[in-house]
Number of protein chains: 2
Amino acid sequence: MGEFELIRRYFAGLTPEAADVALGIGDDAALLRVPAGHELVVSTDTLVAGRHFPLATAPADIGWKALAVNLSDLAAMGATARWFTLALTLPEADEAWTAGLASGMRELALRHRVALVGGDTTRGPLSITITAMGLVPAGQGLRRDGARAGDLVCVTGTLGDAALALRRLGRADQDPVEQALRLRLDRPTPRLDAGLALRGLASAALDLSDGLAGDLRHLCAASGVGAELDPAALPRSAAFEGLAAGLSAEECFALQAQGGDDYELCVCLPPESLAEARARLAPLALSEIGRITAEPGLRLRYPDGRTAVLAATGYSHF
Amino acid sequence: MGEFELIRRYFAGLTPEAADVALGIGDDAALLRVPAGHELVVSTDTLVAGRHFPLATAPADIGWKALAVNLSDLAAMGATARWFTLALTLPEADEAWTAGLASGMRELALRHRVALVGGDTTRGPLSITITAMGLVPAGQGLRRDGARAGDLVCVTGTLGDAALALRRLGRADQDPVEQALRLRLDRPTPRLDAGLALRGLASAALDLSDGLAGDLRHLCAASGVGAELDPAALPRSAAFEGLAAGLSAEECFALQAQGGDDYELCVCLPPESLAEARARLAPLALSEIGRITAEPGLRLRYPDGRTAVLAATGYSHF
């Protein structure tokens with residue numbers, strides 16, 4: 001099958017007619033309409049087989065996740081997702097696999113009304129690169145560099161689920177609690193609604209992909225501040241509470257702060273904005289986990305008042 | 001070395017301050033300003049090692065080519081190139097190699113004033129995906145679907161150089177004629193100025209990446225027309241004339257029409273516009289190579305009046 005036919009057949013459902021797409025897939029490039037008063041928001045992320053997802057992951061889950069991690073970046077900017085391009089490198093033309101990939105991607109794309117506007121299919125070791133594009137009213141994008149000493153550090157949802165799922169791969173696949181945890185690894189939820197709702201309230205934001213400790217360090221560096229975290233305040237899902245019951249506090253902290261793949265938003269905001277932010281995000285939880293400090297670096301502050309420096313770790317690809 | 005440091009160090013020269021970049025590399029996403037009255041033009045292309053470039057290619061040439069093939073798509077739309085994102089998958093953190101890649105990419109980026117606005121570095125088998133973004137006045141983009149029966153089929157520059165260079169890999173590397181040919185494979189020239197100049201004149205256009213025969217077939221399908229080509233009219237460089245002297249007419253035609261990697265523009269226009277188009281593109285040659293026909297399909301018309309059907313071939317990745 002030719003690459004053009006491959007793309008056309010399986011990804012047709014991802015390219016709906018949209019008023020802001022003057023010309024979609026099939027030409028040398030797409031022609032897109034950016035409304036006046038808005039900035040274009042662009043991010044790109046690659047998933048490599050065996051590195052960003054287990055080799056045995058279902059193709060539909062890979063399709064979902066490849067798009068989700070990119071939409072998560074748009075969410076962290078407070079953007080509305082609009083379009084994406086897909087660069088797909090496949091070892092062979094496997095129809096069933098490609099159809100599965102497209103179906104998972106389509107499911108998430110339809111949910112957020114984001115249209116596939118361009119693609120490239122090449123032969124090689126499996127990897128998927130998506131470039132996601134969105135819109136934000138000019139000047140209202142959520143950046144990393146606006147955190148101020150005294151701001152609260154908050155996170156959406158729960159942390160550590162995906163890291164724990166990765167650690168428990170292959171265990172009791174039919175158990176509904178294991179499945180709930182596994183979904184958090186395979187089908188992360190990009191927090192687009194939350195990002196939108198936080199415009200005008202958050203002083204800084206980013207999405208948690210490599211782990212809270214490493215990601216928050218980037219936010220602090222960009223803002224020229226530091227942060228203190230309460231390790232006991234990191235929010236846990238019911239599945240995490242149940243399945244991590246046998247782990248030490250240190251192991252749980254490592255999963256929650258250094259495991260990565262959460263795709264929750266980490267948000268800084270002045271204390272007086274917390275109630276409003278929570279009201280806007282409900283029923284999604286927004287947990288206060290620490291404070292921004294003038295002193296640089298990351299520290300842990302335990303309930304008894306002791307503090308500890310949190311060393312630079314986080315996930316690094318090299 | 002961390003991925004952030006890697007990106008920052010080698011690609012810093014690719015992210016100049018620009019009035020239309022509200023926020024560049026280093027946040028979750030870039031914030032870009034699209035001027036009123038313009039459409040955003042977006043294209044994405046992947047280069048996989050050993051497939052899109054020989055494994056022994058110099059890293060600077062790979063960097064140039066990865067960007068060039070994407071800018072070529074913008075050229076085919078008549079767009080001005082503005083920004084690009086880079087998704088780089090590397091087997092290991094090789095500083096000298098990465099520095100080389102960045103230097104070749106920077107050289108081309110500076111020439112066309114296009115800024116790197118986002119990136120992702122992952123570990124895995126070598127591949128490079130770039131998403132290029134440009135601008136075109138609304139409604140003025142050059143599309144594939146506007147060719148009409150009676151239009152001339154023209155191409156910029158010369159065809160077959162890259163395909164012949166690939167065939168001659170490793171021969172007499174110090175010979176200046178071989179080197180000239182090899183440059184056409186390693187450092188293709190995106191025809192951005194030509195694309196811009198053809199706005200308002202061309203009825204349809206695309207860039208030649210997979211080979212004239214296959215690419216023109218796509219243009220004809222999109223326009224609902226066919227085409228007749230004069231094989232003797234396909235333009236040749238001096239290097240091609242010299243080094244292909246021992247090849248048969250059939251072999252030369254295969255290199256020129258089916259070899260791929262030309263990155264010239266194939267343009268359709270009414271006969272009365274040819275002189276104006278040539279004047280605008282000079283000193284770049286614009287060669288008339290055939291005509292658009294109402295009858296679908298591609299045919300060859302020889303000077304003696306014989307015709308032959310040109311079978312569907314072109315480069316396919318699967």
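Tutor: Before we start, this is a predicted model.

Student: What makes you say the same surface serves both copies?

Tutor: Look at the contact residues: 100% of those of chain A recur in chain B.

Student: Which domains does chain A have?

Tutor: The domain assignment gives domain 1 (3–137) and domain 2 (152–309). Taken over C-alpha atoms, their centres in chain A are 26 Å apart.

Student: How do you know what touches what between domain 1 and domain 2 of chain A?

Tutor: Contact needs C-beta atoms within 7 Å. By that test, 19 residues of domain 1 of chain A meet 18 residues of domain 2 of chain A. On the domain 1 side, α2 (59–76) and β4 (80–90) of chain A each give two or more residues, and α2(A) gives the most, with 11. By class, that side has 11 nonpolar, five polar and three charged residues.

Student: And what makes Cys266(B) stand out in the largest nonpolar core?

Tutor: That core has 210 residues, and Cys266(B) is among those with the most contacts inside it, along with Val41(A), Cys266(A) and Val41(B). Leaving out residues up to four places away in sequence, Cys266(B) touches Val153(B), Val155(B), Ala205(B) and Leu206(B), among others.

Key
Residues are numbered from 1 along each chain as its sequence is written. Chains are lettered from A and ligands numbered from 1 in the order in which they are written. This is a predicted model: local features need pLDDT of at least 70, side-chain atom pairs count only at pLDDT 80 or more; totals for chains, interfaces and linings use all residues. Two residues are in contact if their C-beta atoms, placed from the backbone, lie within 7 Å. Domain bounds come from an automatic or database domain assignment. Helices (H or I, at least four residues) and strands (E, at least two) are DSSP runs, numbered from the N terminus. Ala, Val, Leu, Ile, Met, Phe, Trp, Tyr, Cys and Pro count as nonpolar, Asp, Glu, Lys and Arg as charged, and the others, Gly among them, as polar. A nonpolar core is a set of buried Ala, Val, Leu, Ile, Met, Phe, Trp, Tyr and Cys residues joined through C-beta atoms within 7 Å. A residue is buried if 20 or more other C-beta atoms lie within 10 Å of its own, exposed if 12 or fewer, and partly exposed in between; C-beta atoms are placed from the backbone.
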